[in-house]
Amino acid sequence: MQAVDAAERFQHKIDTEIKIEPKDWMPEKYRQTLIRQISQHAHSEIVGMLPEANWISRAPTLKRKAILMAKVQDEAGHGLYLYSAAETLGISRHEMYQQLLSGKAKYSSIFNYPTLTWADMGAIGWLVDGAAIMNQVPLCRTSYGPYARAMVRVCKEESFHQRQGFETLLVLSQGTAEQRAMCQDAINRWWWPSVMMFGPPDDESPNTQQSMQWKIKRFTNDELRQKFVDICAEQVKTLGMTLPDPDLRWNEERNHYDFGAINWNEFWEVLKGNGPCNKQRLDARNKAWDDGAWVREAAAAYAEKQRSGQSEMGSDMPTLNEQKAA
């Protein structure tokens, strides 16, 4: 009976837009759903640094290099915010990271595609970060307080990344024939994986209905995907480029763009670990973990030395009453 009352009070808070905080009672499934979603989000930010870092040393100008370095640094910060938010649910950062390194935990399938040209940096900013923003802005109102608050800064920075990416493509679209071809090629390769970023169709998404009831999610996968297509179909006109979808056309009755069929077989294969760069991405993260072992050990030893030193110093320090008497 008490569990029923607690569940009712929990849902009432959700329904009345009161944030759930770490010390509040919550259903175990709610906690596990959040751990899965937030940790996967954090992993995506960390793994997402890899395809862009690949181009830092090859950026065409010093300005572009500085911008890309700042963006990759932002992504690392996003991962840290999100790992911290997930830790409030009772899981350690070490455990989450081990789940990533072992392949048990998933991250966004989009980061398992290669970055072949400089134009990919623009396409990732415009399309990949654009899709991320579409997903993440509603998360600023998600029902779990620490997650919602972390997302406010993340979304502000992602918005800058999206504009920076679009500007990169805009410059290329106004350049030489070779640059324009490079711009179109990048859009062609990144469009469909970006559309897939919203997850499977609603009727094949096992977590959507419950997440909507708990207001972890505010919109379904298909609703967000449609908004993304509608926006990009207009923005691409500014670039003088096209989206690689012959079925893309405005539907007056729906007041939305119709678009072609998504290759869900590709989506599921990449998610299973069979994408172009799945192995490369996990190998890179495992190598970074192994190479950084000495840093973690040194930091832990230093922290222990500081604690021991303060403990020894504290035993010799006079008490407050002794100091007053003196």
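I began with the largest cavity, and its volume came out at about 30 Å³. The model is a predicted one. I found one cavity of 30 Å³ or more in the structure.

Which residues line the largest cavity? I listed Lys 13, Ile 14, Glu 17, Ile 18, Lys 19, Arg 141, Ser 143, Lys 215 and Arg 218. I sorted this lining by type: six charged, two nonpolar and one polar.

I looked up its backbone. Glu 17 has a positive phi of about 65°, yet it is not a glycine. Most residues other than glycine have a negative phi. I placed Glu 17 in the loop between helix H1 (2-15) and helix H2 (28-47).

Asn 255 has a positive phi of about 60° and is not a glycine. Asn 255 sits in the loop between strand S1 (249-251) and strand S2 (256-258).

Next I looked up the open spaces. The largest pocket has a volume of about 1100 Å³. I counted 46 residues in its lining, and Gln 40, Asn 135, Met 197, Phe 198 and Gly 199 lie nearest its centre. Several elements give two or more residues to this lining, among them H2, H6, helix H7 (145-173) and helix H8 (177-196). By type, the lining of the largest pocket has 22 nonpolar, 15 polar and nine charged residues.

I then turned to the second largest pocket, which holds about 150 Å³ of space. Its lining has 13 residues, with Lys 106, Tyr 107, Leu 271, Gly 273 and Asn 278 nearest the centre. Which element gives the most to this lining? I found that H11 does, with four residues. Helix H12 (278-291) also supplies at least two. I sorted the lining of the second largest pocket into six polar, five nonpolar and two charged residues.

**Helix H6**

Last, I returned to H6, one of the elements in the lining of the largest pocket. Helix H6 covers residues 119-136, which is 18 residues. From first C-alpha to last, H6 reaches 24 Å, close to the expected 26 Å. Where is the kink in H6 centred? I found it at Gly 125, with a bend of about 25°. I also checked how covered H6 is: 17 of its 18 residues are buried.

How values were computed
Residues numbered from 1 in each chain as written. Predicted model: local features only at pLDDT ≥ 70, side-chain atom pairs only at ≥ 80, totals over all residues. Heavy atoms only, no water. Expected span 1.5 Å × (residues − 1). Bend = angle between axes of the 7 residues up to and from the residue. Buried < 20%, exposed > 50% of the residue type's maximum accessible area, 1.4 Å probe, protein only. 1 Å grid on protein atoms, 1.4 Å probe; cavity = no way out; pocket = protein on both sides within 12 Å on 5 of 7 lines; lining within 4 Å. Points joined across faces, edges and corners; volume = space filled by probe spheres on them. Nonpolar A, V, L, I, M, F, W, Y, C, P; charged D, E, K, R; others polar.
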